Each structure stands twice: as structure tokens, then as C-alpha cells.
Amino acid sequence: MDRQKTVLVIDDSAMNRSILCEILCQEYTIVEAENGVQALKMLKNAKSKVDAIILDILIPEMGGYEFMECMKKDNRFAQIPVIILTEKADRASERKALENGAWDFVSKPYDAEIVKLRLKNVIARSQVSLLKELNHVMNYDPLTGVYSKNKFFSASKTLLTSNPDKKFAFLRLDIDRFKLINSFFGNVGGDKLIKYMAKHIRDFAKTTECCTFGRIDADVFGIFTPYQGKEHTIEQIEQAVSRMKALTPNYNIMLVYGVYIVTDRELPISQMCDRAALAAKTVKGHYMKNYAFYDDKMRLSLENEQNIINEMSDALENHEFVPYYQPKYDVKTNKPVGAEALARWIHPTKGFISPGVFIPIFEKNGFISKLDLYIWECVCKQLKEWKDRGVPLFPVSVNVSRVNLYNPNLSKIIIELTKKYDVDPKYFNIEITESVYTDKNILIDEMTNQLRSNGFTILMDDFGSGYSSLNVLKDIQVDVLKMDMMFMFKAKYEGRAETIISSVIRMAKWLNIPVIAEGVDKAEQVDFLRSVGCDFIQGFYFAKPMPAKDYEKLISEQEEFAVSETRSSANGLLWGNNSGLAVSIDDIDQPAMILECFPNDNIEAVSSNKAFIRAYGFDSSMYGKFNVVNCIDEGYKELYTSTIRKVIENKGRADCVFSMHDINGKKLWFSTHFRYISETDISTVIVAYITDVTDMVFMDQRINDYKDYVKNETERRHNVLVVSGDEEARKELDRILSQNNDVFTADSVENGKKQLSEHEIDLVYFDIELISENEAFPLDVDGKKLPVIAIIPSHDEFSRRAVLKQRVSDFVMKPFIDEIVRSRTANLLKIGITGVANEKFFSRLK
Ligand code: C2E
Ligand code: CA
Ligand code: CA
């Protein structure tokens, strides 16, 4: 029930007050004041809220209007409705009362019914306006004035139900790393940005009917809008993003849109918003992509992830994780020589779960360190059991996750574990993924050294997948290289992977590091790997990962394998860590020379060894007094001399890599290891062990080119022009390329030229059937050479040769194979090379 309303009666005449009291006291609680001052005091001290005031204009101390002025200034009272008592019913005083902010008036003599009616009305009115205000506060975001979350959601729902035939989409947008921006520009700057966003979505919605929008939280906004196809939505987003960029040139912000296309109209709007958020999450931190569309896989994967997290600890306790063993084969004998232990989750109801599913989750939440330990223990137990039963022993390698690598006790744990099960370390190999080496973490160096000195073998896993290059190999201690699977996947279509594989193997051999190729599943791959001297292969071609029992059967038929105790001996020599080496450089197989270093970086070659003369055809000392530094390329002179200064200062050793040009102008790269020998009065004697790393440097460049080529998915969109008289070809190329590019087509040379002049084309597909004597296609636009890919009929040797004579970058044959078209396109766009430069690129890979 409503509480009884309170009315304040202000009148200096006691009689008037009592008359009003008489009229109203049954329905209202009445408080009385004789004048304005007293009334204000009462308002301030009132225990319950005053709902209305009846005010006589002619009161002492403070006139009625003056009292109203004071009231309005105080927020707490400004909204209380006031009824003025006028002396007589005349127009002028009534108007004056209203002009001064009164809500209504009554004139003497008082008519009880009129007083009651007026009072009831003003109170009702004041409540409505209060409600309205409350509504406004609840429905509108105070900072931006757009709908608040609830209102936006309900407005969306209304749109959805009142337009049953319309398709809708929920767009959720926010700013990537808004918190950073907020802390950078302060809250005021952050607020300003949020207001820009509101403007941004108002502009977005302006052009669309049946659209509503609101602010959901902080920098998160939502737009509920009719859906007219993906293309249209993407276009809308892209336009909006560029408008926002123009609006906020100083912020360098990245808007991220998540889109849920409303397929389930029964879904609460809040869940549509969650789905859009899920989609947005997939593009956070991507610099090239502003939007993502929700699909059901996203939700399922999130649910899956949660299930896995809920179950993992119990699963470990219940021994649901088991190691499977994937054999590694010796390429020369085709026989297994060891295995890698790979975790499997045998779930009691879901069955077999692959590590591709759970390992990434465990890596995120750290549970991987427990699982690793568990798997290592299983492997140790297994090795012991095999040994006890007389099963022939072969080494088993285990994986060490990145999380564990930062555990300073790791080597201790592994050493103790193998001791506990009486496992000889030579049977327990350790795989460490390549990418951790680029962290330059001293701990890892220390740990691998400790493990190696205790007899464990370290394998560098996934070599080629990360950012490291062959260069890192000389700085770190690894015993075996596992070449990443990536090189196998792509080998199908292009010759490039093969070139790189063979070079990696050559380099590794030269460093005396054996190589295992992973992910080999085809006979051609095995043949190829064998032909380039790969040592070991692990892959489905020979065997899939299998339970211990099956693996046991496999190895029981083998003779025991002489474990790789021949660790890279030349490695130590090459990189100079065998301390017993005497000055007699003639005994060693590596080019070396003795340098005499004088003040002012004057460095002279005193003599060179036989290997040096064999390799370079001259004795470095035969030129007499000559500063070696003069031969070195400008950019490396300082590095070279400062390295030597360091060696002299520390009476120690140091390395440097530098380039120089030979007499034919060919650029060569050398890695040199300097070692302090002795000092004379005026000079210092140093020995320099020289390694020609030219191949290696070029190989690194190739690997990087290749990696770029593989990683082209996040490329920006390019404009591709397809010129062909064959409608089918145009359609096909449009279909294949339009996912990552904007495709323009032309059916004749003439129309192609027109397209070229109208759009900024990045790459041209040109059908050689359009080539004619008198009409050449313009391949240079504004002096810039465009990369051109020729379209040729299938297996037409003649046109293939003909086309290579033209200035084209590459060609594709009909009928098109999606992957080939995409990779050719991406490759040319990525490397940004045109025909001429491209020929060089290809020849480098040959
Ligand atoms: P990885 O260490 O690179 O292991 C090789 C993966 O390649 C294995 O996948 C193996 O089954 C797969 N593979 C082998 N030959 C072929 C082939 O010919 N073709 C193809 N397509 N794949 C082949 P798996 O067992 O699914 O393991 C995936 C990754 O999960 C592993 O990659 C490793 O990084 C991680 N992992 C597995 N078990 C453990 C573990 O106990 N601890 C840690 N830290 N990571 C593990
Ligand atoms: Ca591995
Ligand atoms: Ca691997």
C-alpha cells in the first residue's frame, strides 16, 4: 500500500492553515509553516519526503516567490510540486504564479473539492515526471546518450519480434586493448574516445532502417541491424572503421567487430551478444582483421575447453593419460631405432582424445607441467620394465613443454626420475621445441648443458616452425635436429620446400648434427629425404603413434640399437670450445689464420693454415703488412674490430659474423671464432678460425621467405585483376581469390586496360590466349612493374615455354587447383616482386 503523502502548508494566517488542514487531513499528513524561512528549515529536517507544497504568496520574512527560488536551487526540493494560494481568481496573478514555477494555484475562498483535486493532480504529475527521469537514467547511457544495455537489448527484441520476416545481425564492437589506451590518455581521453565510438555507431545506424544500438559496457557497443548478407555487413564494417579512423587520427585505435547472424530468433539478445563476443575474441590482437562472424564451432570449442578443464585433474589421477610411442626409422636400413612418446587421453566415455585438443589448453592453464611429469614417469617405468624383461632397448624421447622449461629444477627432476627407475640417460631423450631458444633464456642454456653433461640427448623439436634460423644452431647445444612437419605439407605443390629441406640437411651435416624429418607420410617424401642424406624419419609412412604393447612387438623383432653416443665432435671444434687446442693451427681441418693486432685497429695476417689455403687458394700472409679490416664490408668493420678488442681485453674468445666481397664482386659471409694466444710489447696475437657461412645466410633468407609464404593468411586484401576471354576461367579465379582479395575481371585486353586505369591493381592474371601480335598488355603502371601471372591451357608445353619468354612472374594452368592459385598469388603479393626480380628469386631456389 502507498504510504500517506505529506503536504507542507505555508501560510502566515493560522486560520487559513487550519481550514486547509481540515480539508486535507484525512488523506494527507500535513505539516505547517508560518513563513518561508521556517518552511525551508522544515524541508531540510523533514523525516519523510514532502510530496507537495501549498504556498501563500503573501508571507512575511521571505515572500512566496523568493521561497520558490530558494527551493529550485536545492536539487532535493526542486522537483516538489507547489500550489500557490492567490487572493482572488484573476488572470494576472495566476499567470504570474505559473511563470514563477508554480505547478498550479487555488484562489480564495477555498473550495474543498477543488483543493483536493488540484493537489491530487500535481502529486500524480510529479510522480510521472519522476518516473520519466528514472526511466531516462535507466535507459540511456549518461556518458554518450545512447541506449544503455538493457534498453538496447529490449529494443532489439522488439525489432526482432515486430519484423518476423526480416533477417537480423547482432554486431558487437569494441576497441582492441582499450585499457592500454585508457591508461595512456587517462580517463578523460578514454571517455572522449567512447563518445567518438557513440558517434561512430550513430553514423553507422543513420543510413539503416530498423536498426538500434547501445552501449553495453565500457568500450563495448552493440548494433542490432537488418542482415543483408555477409558482403554487405563486411562493407558496412569496413566503411565504419575507416570513418572512425578519420575521426580519431591521434589514437591509432583498432576497432574489433564480432558478428552474430541471428539464426536462432528465440535466443535471448544477451546470448546473441555473447556469441558476437566469442567471434570478436578470435580476432583480438590481429592487426589485419577487424571482424569475425560467429559460428557454432566457436561455442562448442569453448564448451569443450571448459569440459576438459573440469575433468583434467581426475583424469590424471585415474590414469586416463597414456603415452603412445611413434617409432623413428633409420633411413638407411628402414628399421626402427627409437620412438617419441606422445600423450593420449583415453577418456572413459568420450574415447580417444588427441593431444592437439588438450595440450594447448593445458599449456594455457599450466596443467601441462603435471602431465609432462606424469608421461616422463610412465616412460621411465616402461623402459625399466622392458629392460627387466629383456626387451631390446631403444631410446625414447619425451616432450618438454615451454612451461616446464622455466622450472629451475627441471634437470634435477629428470635426473632423479631416471635414477629412481634405474634408466640409463642415453635411453631417455628430451625434445625441446625450437621456439624457446629464441627467448635467449640463460636458464635454458644452463639446463640443457646440465642434462647433456649427465648423458641425456637433447633434440631440437619443430625446427623451422618458429623464428629462429640456422644461425642459432652454432650458439646452442643440441644433439639432434627434428625438422618441422611444415616442410612436408607444402612439398606437394612447390619445389621450394625440397630445396630448403636439402639445404637444412646439408647445413646440419656440416655441423655434424643428425636430422630427423617429421610428418613424413608419402613414399616420394621418403625417397627424396633419403636422396638428400636425411638420417631418420618419423611419420605415418612408417608408423603411427601406437600403444606400448604394439611398439614392444615392433622392436622385439629388432636388434638392439647402438645409441647415439657419437655426439657431434666436430661441433666443439668448429665453434672452438675445445680448450686444449694448441697454436699449431696446421693440425686442424678448418681454415684458420694467425692475426697480429696492433693499436688503432690495425690487424695483420701473419700466417694461414693448410685448410685455409686449400679453401681459398692463397695464404693470407702473402700480402705482407696489410690491414685485414680493409677487406671487410663497411657495415661490419666496427663489429669486427670491436670483437677483436674484446678478445684482447679479456684475453679470451669471441665470435663475429661479417660479410665481404671476393674479387669477382660476390658477397661472402664468414663466421669467425677468435682466440687470444699471446702478447708482445707492441701487439697481441690471436688465432681466427674461419667458416664460410654464405650458404647458411642465404638459406636463412630462403627459410624466412618460405615462412612468410606459408604464413600469408593474415595478409591485407589486395586488388587482383583477371583478364581472360574465358568466362569459366574468370569465374573460377574470382571464386578462388575473392576470399582474400578484391577481384576485378575483364574479358578483353581493352577492358583490362580500363580496369587498370580505374583501380589500384596489385596483381594481374592474364590469359595468354589474349596475346596477339599487335596488342600488348600494359604491365607497367605509373612506372611500377605489376606482377603478372599467366593463365595457360593445361599441359601445353609450347605455350608454357612461350609464356616464360614474356615478362611474367609465374603461371597457372587450367583447370585451376585452388591451393596453387592461392599460393602463387599470395607469394607474389607477399614478396612484392615483379617478373624481373622474381626470376632471381626462382633461380635462387633452383
Ligand atoms: P610434436 O612433438 O611435433 O609431435 C609430432 C606430432 O606429429 C604428433 O602429433 C604425431 O602424431 C604427428 N605425426 C607424426 N607423423 C605424422 C605424419 O606423418 N603426418 C601427420 N599429419 N602427423 C604426424 P600428436 O601426437 O597429435 O601431438 C601433437 C603435439 O602435441 C606434439 O607435437 C607435441 O607438441 C604435443 N604433445 C604430445 N604429447 C605431449 C606431451 O606428453 N607433453 C607435451 N609437452 N607435449 C605433447
Ligand atoms: Ca615432439
Ligand atoms: Ca615436432
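Two strands are said to pair if DSSP finds at least two bridges between them, and helices (H or I, at least four residues) and strands (E, at least two) are DSSP runs numbered from the N terminus. In that sense E30 and strand E31 (residues 810-813) pair in the parallel sense over four bridges. This is a predicted model, in which local features need pLDDT of at least 70 and side-chain atom pairs count only at pLDDT 80 or more, while totals for chains, interfaces and linings use all residues. Residues are numbered from 1 along each chain as its sequence is written, chains are lettered from A and ligands numbered from 1 in the order in which they are written, and side-chain values use heavy atoms, with hydrogens and water left out.

**Overall make-up**

- The protein chain holds 29 helices and 31 strands, and of its 846 residues 50% count as buried, where buried means under 20% relative accessible area, exposed over 50% and partly exposed in between (1.4 Å probe, protein chains only).
- Among contacts (heavy atoms within 4.5 Å) between residues at least 6 apart in sequence, 62% join residues at least 24 apart.

**Strand E30 and its partners**

- Strand E30 (residues 788-792) is mostly covered, since five of its five residues are buried: Val 788, Ala 790 and Ile 792 lie on one side, and Ile 789 and Ile 791 on the other.
- Strand E27 (residues 763-767) runs parallel to E30 and is joined to it by four bridges, with Phe 766 having Ala 790 as its bridge partner.
- Towards E31, Ile 791 stands opposite Val 812.

- Asp 462 lies in strand E16 (residues 457-463) and Glu 518 in strand E18 (residues 515-518), so the pair ties together parts that are 56 residues apart in sequence.
- Asp 461 also bridges the calcium ion (ligand 3) and the calcium ion (ligand 2), which lie 4.0 Å apart, while Glu 518 is buried, with a relative accessible area of 7%.

**Helix H14**

- In helix H14 (residues 410-420), the buried residues are Leu 410, Ser 411, Ile 414, Ile 415, Leu 417 and Thr 418.
- These residues cover an arc of only 160 degrees around the axis, which puts them on the same side of H14; the arc is that of the directions from the helix axis to the C-beta atoms.
- The face turned away from the buried side of H14 carries the exposed residues Lys 419 and Lys 420, and just after H14, Asp 422 takes a positive phi of about 55 degrees.

**Loop residue Ile 253**

- Ile 253 lies in the loop between helix H8 (230-247) and strand E9 (255-261), and is buried, with a relative accessible area of 6%.
- Leaving aside neighbours within four places in sequence, Ile 253 is in contact with Ile 175, Ile 181, Leu 193, Met 244, Lys 245 and Thr 248.

**Aromatic pairs**

- A search of the whole structure finds 27 aromatic pairs, counting rings of Phe, Tyr and Trp (its six-membered ring) whose centres lie within 6.5 Å, with planes under 30 degrees apart counted as stacked, over 60 as edge-to-face and the rest as tilted.
- The rings of Phe 170 and Phe 224 have their centres 6.4 Å apart and their planes at 70 degrees, so the pair is edge-to-face.

Notes: Donors = N, O, S within 2.8 Å, 3.2 Å for Na, K, Ca; no water.
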